[in-house]
Amino acid sequence: MGALTHDEWQALALSLRVGLLSVACALPFALALAWLLSRKRFPGRVLIEALMFLPLILPPVVTGYALLALFGRHGAFGEALAGIGIVVAFRWTGAVIAAAVMGFPLLVMSIRVAFDNVDRRLEAAAETLGARAWRRFTTITLPLSLRGIAAGCVLAFARAFGEFGATISFVSNIPGETRTLPIAIYELLNTPGGMPGVRRLAIVSLVVAFASSAAATVIAGGAPWRNRFDD
Amino acid sequence: MIELSLRHTFADLDIDVAFRSDARTLALFGHSGAGKTSVLNAIAGLLAPQSGRIAIDGECLLDSTRGVCVPASARRIGYVFQDGRLFPHLSVRQNLLYGTTARNAADDIDLATIVELLELGSLLDRRPRNLSGGERQRVAIGRALLSHPRALLLDEPLTGLHAEARTQVLDYLRRLKQELRVFTVLVTHQADEVGALADEVVRLSAGRVVRQVTIAEFIARRTAFAAGTIAFSD
(Lines give C-alpha, C1' and ligand atoms only; values in the text may rest on other atoms or scores of the structure.)
Protein backbone atom coordinates (compact mmCIF):
# COMPACT_ATOMS: atom_id res chain seq x y z
CA MET A 1 0.00 0.00 0.00
CA GLY A 2 2.98 2.30 0.69
CA ALA A 3 3.31 5.83 2.07
CA LEU A 4 1.04 8.74 1.24
CA THR A 5 1.73 10.51 -2.07
CA HIS A 6 2.30 14.23 -2.29
CA ASP A 7 -1.33 14.85 -3.29
CA GLU A 8 -2.59 12.69 -0.44
CA TRP A 9 -0.44 14.55 2.09
CA GLN A 10 -1.78 17.78 0.64
CA ALA A 11 -5.37 16.59 1.08
CA LEU A 12 -4.64 15.46 4.65
CA ALA A 13 -2.95 18.75 5.54
CA LEU A 14 -5.83 20.72 4.04
CA SER A 15 -8.40 18.68 5.96
CA LEU A 16 -6.53 19.22 9.23
CA ARG A 17 -6.25 22.95 8.53
CA VAL A 18 -9.93 23.22 7.56
CA GLY A 19 -10.97 21.19 10.61
CA LEU A 20 -8.98 23.25 13.10
CA LEU A 21 -9.85 26.63 11.61
CA SER A 22 -13.53 25.79 11.29
CA VAL A 23 -13.69 24.98 15.01
CA ALA A 24 -11.76 28.14 15.88
CA CYS A 25 -14.12 30.26 13.76
CA ALA A 26 -17.31 28.62 15.05
CA LEU A 27 -16.33 28.53 18.74
CA PRO A 28 -17.07 32.16 19.72
CA PHE A 29 -20.50 32.00 18.05
CA ALA A 30 -21.19 28.60 19.57
CA LEU A 31 -20.27 29.85 23.06
CA ALA A 32 -22.58 32.85 22.70
CA LEU A 33 -25.50 30.82 21.35
CA ALA A 34 -25.05 28.00 23.86
CA TRP A 35 -25.04 30.51 26.73
CA LEU A 36 -28.15 32.18 25.37
CA LEU A 37 -29.99 28.86 25.03
CA SER A 38 -28.81 27.65 28.43
CA ARG A 39 -29.44 30.79 30.46
CA LYS A 40 -32.15 32.86 28.80
CA ARG A 41 -35.80 32.44 27.95
CA PHE A 42 -36.85 34.64 25.05
CA PRO A 43 -39.35 34.68 22.20
CA GLY A 44 -38.03 32.98 19.07
CA ARG A 45 -35.86 30.59 21.02
CA VAL A 46 -37.48 27.53 19.41
CA LEU A 47 -36.94 29.04 15.97
CA ILE A 48 -33.26 29.64 16.68
CA GLU A 49 -32.83 26.07 17.93
CA ALA A 50 -34.57 24.70 14.83
CA LEU A 51 -32.34 26.81 12.56
CA MET A 52 -29.26 25.68 14.45
CA PHE A 53 -30.12 22.01 13.87
CA LEU A 54 -30.75 22.45 10.14
CA PRO A 55 -27.21 21.50 9.02
CA LEU A 56 -27.58 18.20 10.88
CA ILE A 57 -30.91 17.41 9.26
CA LEU A 58 -30.61 18.82 5.75
CA PRO A 59 -28.79 16.85 3.06
CA PRO A 60 -25.24 18.31 3.17
CA VAL A 61 -25.46 19.09 -0.55
CA VAL A 62 -28.40 21.38 0.16
CA THR A 63 -26.40 23.16 2.88
CA GLY A 64 -23.56 23.55 0.37
CA TYR A 65 -25.97 24.97 -2.18
CA ALA A 66 -27.34 27.39 0.41
CA LEU A 67 -23.79 28.52 1.23
CA LEU A 68 -23.11 29.01 -2.47
CA ALA A 69 -26.30 31.05 -2.79
CA LEU A 70 -25.25 33.20 0.17
CA PHE A 71 -21.48 33.43 -0.30
CA GLY A 72 -21.13 32.96 -4.08
CA ARG A 73 -20.03 35.92 -6.18
CA HIS A 74 -23.66 36.96 -6.65
CA GLY A 75 -24.88 35.84 -3.23
CA ALA A 76 -26.23 38.14 -0.53
CA PHE A 77 -22.97 38.13 1.46
CA GLY A 78 -20.65 37.03 -1.35
CA GLU A 79 -21.17 40.20 -3.35
CA ALA A 80 -20.47 42.40 -0.33
CA LEU A 81 -17.38 40.36 0.58
CA ALA A 82 -16.16 40.45 -3.02
CA GLY A 83 -16.45 44.24 -2.84
CA ILE A 84 -13.72 44.25 -0.17
CA GLY A 85 -11.65 41.66 -1.99
CA ILE A 86 -12.74 38.56 -0.06
CA VAL A 87 -13.86 35.59 -2.12
CA VAL A 88 -14.72 32.36 -0.35
CA ALA A 89 -16.55 30.29 -2.99
CA PHE A 90 -14.21 27.73 -4.60
CA ARG A 91 -11.46 28.65 -2.12
CA TRP A 92 -10.13 26.76 0.87
CA THR A 93 -11.58 29.49 3.09
CA GLY A 94 -15.00 28.45 1.78
CA ALA A 95 -14.24 24.89 2.88
CA VAL A 96 -13.62 26.29 6.37
CA ILE A 97 -17.03 28.01 6.31
CA ALA A 98 -18.76 24.84 5.09
CA ALA A 99 -17.07 22.74 7.78
CA ALA A 100 -17.84 25.32 10.47
CA VAL A 101 -21.53 25.35 9.52
CA MET A 102 -21.74 21.56 9.48
CA GLY A 103 -19.99 21.18 12.85
CA PHE A 104 -21.81 24.10 14.51
CA PRO A 105 -24.81 22.16 15.90
CA LEU A 106 -22.53 19.58 17.53
CA LEU A 107 -20.44 22.32 19.06
CA VAL A 108 -23.43 24.25 20.40
CA MET A 109 -25.09 21.11 21.79
CA SER A 110 -21.98 20.01 23.69
CA ILE A 111 -21.32 23.46 25.10
CA ARG A 112 -24.94 23.97 26.04
CA VAL A 113 -25.00 20.72 28.00
CA ALA A 114 -21.78 21.80 29.71
CA PHE A 115 -23.32 25.18 30.65
CA ASP A 116 -26.51 23.47 31.84
CA ASN A 117 -24.41 21.30 34.15
CA VAL A 118 -22.73 24.24 35.88
CA ASP A 119 -24.27 24.72 39.30
CA ARG A 120 -26.20 27.97 38.98
CA ARG A 121 -25.87 28.50 42.73
CA LEU A 122 -22.12 29.04 42.22
CA GLU A 123 -22.91 31.82 39.76
CA ALA A 124 -25.28 33.31 42.36
CA ALA A 125 -22.51 33.11 44.97
CA ALA A 126 -20.16 34.93 42.58
CA GLU A 127 -22.81 37.57 42.03
CA THR A 128 -23.06 38.27 45.76
CA LEU A 129 -19.27 38.67 45.74
CA GLY A 130 -19.58 41.54 43.28
CA ALA A 131 -19.02 39.70 39.99
CA ARG A 132 -21.05 41.08 37.11
CA ALA A 133 -22.30 38.89 34.26
CA TRP A 134 -19.11 38.88 32.15
CA ARG A 135 -16.87 38.10 35.12
CA ARG A 136 -19.22 35.34 36.30
CA PHE A 137 -19.07 33.86 32.81
CA THR A 138 -15.30 34.03 32.44
CA THR A 139 -14.37 32.99 35.99
CA ILE A 140 -17.10 30.50 36.92
CA THR A 141 -19.23 29.29 33.99
CA LEU A 142 -16.47 28.95 31.42
CA PRO A 143 -13.83 27.19 33.55
CA LEU A 144 -16.41 24.78 34.94
CA SER A 145 -17.57 23.98 31.39
CA LEU A 146 -14.13 23.46 29.89
CA ARG A 147 -14.40 19.70 29.56
CA GLY A 148 -17.71 19.92 27.70
CA ILE A 149 -16.38 22.71 25.50
CA ALA A 150 -13.25 20.71 24.69
CA ALA A 151 -15.29 17.58 23.94
CA GLY A 152 -17.54 19.66 21.66
CA CYS A 153 -14.50 21.06 19.86
CA VAL A 154 -13.17 17.55 19.25
CA LEU A 155 -16.53 16.37 17.91
CA ALA A 156 -16.90 19.43 15.69
CA PHE A 157 -13.34 18.93 14.42
CA ALA A 158 -14.10 15.29 13.59
CA ARG A 159 -17.26 16.36 11.78
CA ALA A 160 -15.35 19.03 9.86
CA PHE A 161 -12.54 16.62 9.03
CA GLY A 162 -14.98 14.22 7.40
CA GLU A 163 -17.15 16.86 5.74
CA PHE A 164 -17.89 16.09 2.09
CA GLY A 165 -21.30 17.05 0.67
CA ALA A 166 -21.49 20.72 1.65
CA THR A 167 -17.82 21.26 0.83
CA ILE A 168 -17.93 19.80 -2.68
CA SER A 169 -21.14 21.72 -3.46
CA PHE A 170 -19.78 25.01 -2.16
CA VAL A 171 -16.10 24.98 -3.08
CA SER A 172 -15.92 22.11 -5.58
CA ASN A 173 -12.89 19.80 -5.97
CA ILE A 174 -9.81 21.84 -6.76
CA PRO A 175 -6.49 20.05 -6.13
CA GLY A 176 -4.35 21.88 -3.58
CA GLU A 177 -7.11 24.40 -2.85
CA THR A 178 -10.34 22.66 -1.87
CA ARG A 179 -9.61 18.95 -2.28
CA THR A 180 -9.94 17.80 1.31
CA LEU A 181 -9.33 14.22 2.38
CA PRO A 182 -12.91 12.94 1.81
CA ILE A 183 -13.01 14.64 -1.58
CA ALA A 184 -9.63 13.11 -2.46
CA ILE A 185 -11.02 9.67 -1.56
CA TYR A 186 -14.03 10.31 -3.79
CA GLU A 187 -11.71 11.42 -6.60
CA LEU A 188 -9.53 8.30 -6.24
CA LEU A 189 -12.61 6.06 -6.22
CA ASN A 190 -13.43 7.44 -9.67
CA THR A 191 -9.88 7.15 -10.94
CA PRO A 192 -8.63 3.91 -12.56
CA GLY A 193 -5.96 2.39 -10.28
CA GLY A 194 -6.91 4.65 -7.40
CA MET A 195 -7.83 1.92 -4.92
CA PRO A 196 -4.47 1.78 -3.08
CA GLY A 197 -4.78 5.52 -2.46
CA VAL A 198 -8.36 5.06 -1.27
CA ARG A 199 -7.17 2.45 1.22
CA ARG A 200 -4.36 4.67 2.48
CA LEU A 201 -6.64 7.66 3.00
CA ALA A 202 -9.38 5.50 4.49
CA ILE A 203 -6.90 4.27 7.10
CA VAL A 204 -5.85 7.86 7.84
CA SER A 205 -9.52 8.83 8.22
CA LEU A 206 -10.09 5.91 10.53
CA VAL A 207 -7.12 6.86 12.72
CA VAL A 208 -8.21 10.51 12.98
CA ALA A 209 -11.84 9.54 13.67
CA PHE A 210 -10.84 7.01 16.33
CA ALA A 211 -8.41 9.45 17.98
CA SER A 212 -11.11 12.16 18.00
CA SER A 213 -13.71 9.85 19.44
CA ALA A 214 -11.33 8.61 22.13
CA ALA A 215 -10.25 12.16 22.95
CA ALA A 216 -13.87 13.32 23.25
CA THR A 217 -14.69 10.39 25.52
CA VAL A 218 -11.67 10.95 27.77
CA ILE A 219 -12.25 14.70 27.96
CA ALA A 220 -15.98 14.41 28.66
CA GLY A 221 -15.53 11.64 31.22
CA GLY A 222 -12.49 13.09 32.91
CA ALA A 223 -8.97 11.96 32.30
CA PRO A 224 -8.05 8.93 34.42
CA TRP A 225 -4.85 10.61 35.62
CA ARG A 226 -6.63 13.78 36.70
CA ASN A 227 -7.05 12.96 40.38
CA ARG A 228 -3.41 11.96 40.76
CA PHE A 229 -2.09 15.39 39.95
CA ASP A 230 -4.81 17.67 41.23
CA ASP A 231 -3.73 19.22 44.47
CA MET B 1 -29.51 49.11 60.87
CA ILE B 2 -31.88 47.24 58.62
CA GLU B 3 -35.38 48.16 57.51
CA LEU B 4 -37.17 45.47 55.60
CA SER B 5 -40.64 44.87 54.29
CA LEU B 6 -41.37 42.44 51.53
CA ARG B 7 -44.14 40.46 49.96
CA HIS B 8 -43.65 37.52 47.69
CA THR B 9 -45.80 34.59 46.74
CA PHE B 10 -44.24 31.22 45.98
CA ALA B 11 -46.21 28.18 44.91
CA ASP B 12 -46.10 26.81 48.45
CA LEU B 13 -45.46 29.87 50.61
CA ASP B 14 -46.82 33.37 50.87
CA ILE B 15 -44.27 35.71 52.43
CA ASP B 16 -45.35 38.96 54.03
CA VAL B 17 -42.59 40.14 56.34
CA ALA B 18 -41.68 43.50 57.87
CA PHE B 19 -39.17 44.38 60.57
CA ARG B 20 -36.65 46.99 61.55
CA SER B 21 -33.60 46.43 63.70
CA ASP B 22 -30.59 48.30 65.06
CA ALA B 23 -28.93 45.14 66.34
CA ARG B 24 -25.41 44.28 65.16
CA THR B 25 -26.34 40.62 64.82
CA LEU B 26 -29.93 39.87 64.00
CA ALA B 27 -31.20 36.29 63.98
CA LEU B 28 -34.05 35.14 61.79
CA PHE B 29 -35.29 32.17 63.73
CA GLY B 30 -37.90 29.62 62.78
CA HIS B 31 -38.64 26.19 61.44
CA SER B 32 -37.80 24.99 57.94
CA GLY B 33 -40.12 26.53 55.37
CA ALA B 34 -40.77 29.65 57.44
CA GLY B 35 -39.32 31.86 54.70
CA LYS B 36 -36.02 32.71 56.40
CA THR B 37 -33.76 31.94 53.43
CA SER B 38 -36.11 33.77 51.06
CA VAL B 39 -35.72 36.87 53.20
CA LEU B 40 -31.92 36.48 53.01
CA ASN B 41 -32.10 35.99 49.24
CA ALA B 42 -34.16 39.17 48.93
CA ILE B 43 -31.59 41.09 51.01
CA ALA B 44 -28.76 39.72 48.84
CA GLY B 45 -30.62 40.55 45.64
CA LEU B 46 -30.96 36.93 44.53
CA LEU B 47 -34.74 37.09 44.89
CA ALA B 48 -36.72 39.98 43.44
CA PRO B 49 -39.81 40.17 45.65
CA GLN B 50 -43.12 41.18 44.12
CA SER B 51 -43.10 44.23 46.36
CA GLY B 52 -41.08 45.57 49.22
CA ARG B 53 -38.40 47.85 50.57
CA ILE B 54 -34.99 46.97 51.95
CA ALA B 55 -32.52 49.48 53.34
CA ILE B 56 -29.32 48.85 55.27
CA ASP B 57 -27.71 51.70 57.19
CA GLY B 58 -30.03 54.08 55.34
CA GLU B 59 -28.94 52.91 51.89
CA CYS B 60 -31.87 51.70 49.83
CA LEU B 61 -31.25 48.38 48.10
CA LEU B 62 -34.82 47.76 47.02
CA ASP B 63 -37.89 49.93 46.80
CA SER B 64 -40.58 48.54 44.55
CA THR B 65 -42.68 51.69 44.73
CA ARG B 66 -39.80 53.79 43.38
CA GLY B 67 -38.58 51.10 40.99
CA VAL B 68 -35.25 50.76 42.82
CA CYS B 69 -33.58 47.34 42.74
CA VAL B 70 -29.83 47.37 43.18
CA PRO B 71 -28.35 44.28 41.44
CA ALA B 72 -26.86 41.62 43.69
CA SER B 73 -23.36 42.30 42.34
CA ALA B 74 -23.57 45.92 43.52
CA ARG B 75 -25.20 45.42 46.93
CA ARG B 76 -22.04 44.62 48.90
CA ILE B 77 -23.75 41.84 50.80
CA GLY B 78 -21.55 38.97 51.97
CA TYR B 79 -23.55 35.77 51.81
CA VAL B 80 -22.46 32.57 53.52
CA PHE B 81 -24.63 29.83 52.09
CA GLN B 82 -25.67 26.74 53.97
CA ASP B 83 -23.64 24.58 51.58
CA GLY B 84 -20.67 26.94 51.41
CA ARG B 85 -20.73 27.16 47.63
CA LEU B 86 -16.98 27.42 47.29
CA PHE B 87 -15.78 27.52 43.71
CA PRO B 88 -14.46 24.00 43.12
CA HIS B 89 -11.95 24.93 40.44
CA LEU B 90 -10.25 27.59 42.56
CA SER B 91 -7.89 27.19 45.48
CA VAL B 92 -8.86 28.40 48.95
CA ARG B 93 -6.73 31.51 48.39
CA GLN B 94 -8.45 32.24 45.06
CA ASN B 95 -11.85 31.67 46.66
CA LEU B 96 -11.01 34.06 49.47
CA LEU B 97 -9.82 36.75 47.08
CA TYR B 98 -12.67 36.39 44.58
CA GLY B 99 -14.83 39.18 46.05
CA THR B 100 -11.85 41.40 46.85
CA THR B 101 -10.81 41.41 43.20
CA ALA B 102 -14.34 42.08 42.06
CA ARG B 103 -14.76 45.13 44.25
CA ASN B 104 -11.17 46.20 44.36
CA ALA B 105 -11.85 47.56 47.81
CA ALA B 106 -9.44 48.26 50.58
CA ASP B 107 -10.27 48.54 54.24
CA ASP B 108 -9.26 46.97 57.51
CA ILE B 109 -10.47 43.48 56.51
CA ASP B 110 -7.65 42.07 54.44
CA LEU B 111 -6.53 38.58 53.56
CA ALA B 112 -3.96 38.40 56.35
CA THR B 113 -6.53 39.42 58.96
CA ILE B 114 -9.08 36.87 57.78
CA VAL B 115 -6.50 34.10 57.44
CA GLU B 116 -5.38 34.78 61.00
CA LEU B 117 -8.86 35.13 62.49
CA LEU B 118 -10.21 31.99 60.83
CA GLU B 119 -6.90 30.08 60.98
CA LEU B 120 -6.86 29.37 57.27
CA GLY B 121 -3.09 29.61 56.72
CA SER B 122 -2.53 25.91 56.15
CA LEU B 123 -5.48 25.63 53.77
CA LEU B 124 -4.66 28.39 51.30
CA ASP B 125 -3.34 26.19 48.49
CA ARG B 126 -5.92 23.44 48.83
CA ARG B 127 -8.96 22.88 46.65
CA PRO B 128 -12.44 22.90 48.27
CA ARG B 129 -12.95 19.16 47.73
CA ASN B 130 -10.01 18.50 50.03
CA LEU B 131 -11.51 20.44 52.92
CA SER B 132 -13.68 19.18 55.77
CA GLY B 133 -17.17 20.60 56.25
CA GLY B 134 -16.03 22.95 58.99
CA GLU B 135 -13.05 24.15 56.96
CA ARG B 136 -15.29 24.82 53.98
CA GLN B 137 -17.60 26.96 56.07
CA ARG B 138 -14.67 28.90 57.52
CA VAL B 139 -13.43 29.63 54.00
CA ALA B 140 -16.95 30.63 52.92
CA ILE B 141 -17.18 33.02 55.87
CA GLY B 142 -13.75 34.45 55.08
CA ARG B 143 -14.61 34.85 51.42
CA ALA B 144 -17.82 36.73 52.24
CA LEU B 145 -16.00 39.02 54.69
CA LEU B 146 -13.22 39.76 52.21
CA SER B 147 -15.78 41.12 49.76
CA HIS B 148 -16.00 44.06 52.19
CA PRO B 149 -19.72 43.72 52.79
CA ARG B 150 -22.04 46.26 54.35
CA ALA B 151 -23.87 43.23 55.78
CA LEU B 152 -23.00 39.59 56.30
CA LEU B 153 -25.73 37.00 55.76
CA LEU B 154 -25.27 33.59 57.38
CA ASP B 155 -27.71 30.97 56.17
CA GLU B 156 -27.67 28.06 58.62
CA PRO B 157 -23.86 28.11 58.58
CA LEU B 158 -23.53 25.23 61.04
CA THR B 159 -26.08 22.88 59.53
CA GLY B 160 -24.60 19.61 58.34
CA LEU B 161 -21.46 19.93 60.42
CA HIS B 162 -20.58 17.30 62.99
CA ALA B 163 -20.56 18.37 66.64
CA GLU B 164 -16.84 19.18 66.85
CA ALA B 165 -16.81 21.23 63.62
CA ARG B 166 -20.01 22.97 64.70
CA THR B 167 -18.47 24.09 67.99
CA GLN B 168 -15.32 25.18 66.17
CA VAL B 169 -17.14 27.28 63.55
CA LEU B 170 -19.39 28.76 66.24
CA ASP B 171 -16.26 29.86 68.13
CA TYR B 172 -14.90 31.49 64.98
CA LEU B 173 -18.19 33.30 64.41
CA ARG B 174 -18.10 34.57 68.00
CA ARG B 175 -14.55 35.78 67.50
CA LEU B 176 -15.49 37.54 64.26
CA LYS B 177 -18.37 39.27 65.99
CA GLN B 178 -15.98 40.61 68.60
CA GLU B 179 -13.17 41.60 66.24
CA LEU B 180 -15.03 42.82 63.16
CA ARG B 181 -17.97 45.14 63.41
CA VAL B 182 -20.02 43.88 60.49
CA PHE B 183 -23.80 43.94 60.59
CA THR B 184 -24.87 40.31 60.42
CA VAL B 185 -28.13 38.51 59.73
CA LEU B 186 -28.09 34.93 60.94
CA VAL B 187 -30.68 32.44 59.74
CA THR B 188 -31.06 29.41 61.93
CA HIS B 189 -33.52 27.03 63.51
CA GLN B 190 -31.13 26.24 66.37
CA ALA B 191 -31.78 28.19 69.57
CA ASP B 192 -28.21 27.69 70.87
CA GLU B 193 -26.80 29.42 67.76
CA VAL B 194 -29.16 32.33 68.36
CA GLY B 195 -28.10 32.50 72.01
CA ALA B 196 -24.41 32.41 71.09
CA LEU B 197 -24.41 35.00 68.33
CA ALA B 198 -27.52 37.18 68.13
CA ASP B 199 -28.38 40.50 69.75
CA GLU B 200 -31.97 40.49 68.55
CA VAL B 201 -34.28 37.81 67.23
CA VAL B 202 -37.04 37.90 64.63
CA ARG B 203 -39.14 34.78 64.84
CA LEU B 204 -40.64 33.76 61.50
CA SER B 205 -43.37 31.25 60.89
CA ALA B 206 -45.13 30.43 57.62
CA GLY B 207 -43.83 33.60 55.96
CA ARG B 208 -44.89 35.98 58.75
CA VAL B 209 -43.09 37.70 61.63
CA VAL B 210 -44.43 36.16 64.80
CA ARG B 211 -42.35 38.13 67.28
CA GLN B 212 -39.30 40.38 67.49
CA VAL B 213 -37.40 40.28 70.76
CA THR B 214 -34.01 41.12 72.23
CA ILE B 215 -31.65 38.27 72.94
CA ALA B 216 -32.32 38.69 76.70
CA GLU B 217 -36.05 38.28 76.12
CA PHE B 218 -35.44 35.33 73.81
CA ILE B 219 -33.35 33.53 76.43
CA ALA B 220 -35.84 34.40 79.18
CA ARG B 221 -38.71 32.98 77.16
CA ARG B 222 -36.83 29.80 76.39
CA THR B 223 -35.91 29.42 80.06
CA ALA B 224 -39.54 29.92 81.04
CA PHE B 225 -40.60 27.42 78.38
CA ALA B 226 -38.10 24.88 79.71
CA ALA B 227 -39.42 25.47 83.23
CA GLY B 228 -42.97 24.96 82.02
CA THR B 229 -44.20 28.45 82.93
CA ILE B 230 -45.18 29.33 79.32
CA ALA B 231 -46.67 27.08 76.68
CA PHE B 232 -44.65 28.23 73.66
CA SER B 233 -41.16 29.50 73.24
CA ASP B 234 -39.39 31.66 70.71
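Is T188(B) buried or exposed, going by its C-beta neighbours inside 10 Å? T188(B) is buried, because 23 C-beta neighbours lie inside 10 Å. A residue counts as buried if 20 or more other C-beta atoms lie within 10 Å of its own, as exposed if 12 or fewer do, and as partly exposed in between, with the C-beta atoms placed from the backbone.

The model is predicted: local features need pLDDT of at least 70 and side-chain atom pairs count only at pLDDT 80 or more, while totals for chains, interfaces and linings use all residues. Residues are numbered from 1 along each chain as its sequence is written, and chains are lettered from A and ligands numbered from 1 in the order in which they are written.

**Stop 1: around T188(B)**

Select T188(B), which is found in strand β9 (residues 183-188) of chain B. Helices (H or I, at least four residues) and strands (E, at least two) are DSSP runs, numbered from the N terminus. Next, show the residues that T188(B) is in contact with, leaving aside neighbours within four places in sequence: A27(B), F29(B), E156(B), E193(B) and V194(B). Two residues are in contact if their C-beta atoms, placed from the backbone, lie within 7 Å. Then pick R136(B), which is 52 residues from T188(B) in sequence and 18 Å away in space, C-alpha to C-alpha.

**Stop 2: the hairpin of chain B**

Select residues 2-9 and 14-21 of chain B, which are strands β1 and β2. These strands run antiparallel and are joined by 8 bridges; strands pair if DSSP finds at least two bridges between them. β1(B) and β2(B) form a hairpin, with 4 residues between them. Within this pair, S5(B) stands opposite A18(B) of β2(B). In a regular strand the side chains alternate between the two faces of the sheet.

**Stop 3: where the chains touch**

Show both chains: 19 residues of chain B are in contact with 17 residues of chain A. On the chain B side, the elements that give two or more residues are β7 (77-80) and α2 (92-103). The largest share, 4 residues, comes from α2(B). By class, this side of chain B has 9 nonpolar, 5 polar and 5 charged residues. Here Ala, Val, Leu, Ile, Met, Phe, Trp, Tyr, Cys and Pro count as nonpolar, Asp, Glu, Lys and Arg as charged, and the others, Gly among them, as polar.

**Stop 4: chain A as a whole**

Colour chain A by secondary structure to see 12 helices and 0 strands. Its C-alpha trace spans about 70 × 50 × 30 Å along the principal axes. Chain A has 231 residues, of which 39% count as buried. Of its contacts with a separation of 6 or more, 75% are between residues 24 or more positions apart.

**Stop 5**

Select residues 6-39 of chain A, helix α1, which has 34 residues. From first C-alpha to last, α1(A) reaches 49 Å, close to the expected 50 Å; the expected span is 1.5 Å times one less than the number of residues. Look at L27(A) for a kink of about 40°, shortly before the proline P28(A). The bend is the angle between axes fitted to the seven residues ending at a residue and the seven starting there.

R39(A) is also in α1 and is partly exposed, because it has 16 C-beta neighbours inside 10 Å. Its C-alpha atom is 51 Å from that of M195(A).

Now select helix α11 (residues 195-221) of chain A, with 27 residues. In α11(A), G197(A), L201(A), S212(A) and A216(A) are buried. Their cover includes α1, α8 (146-161) and α10 (181-189) of chain A.
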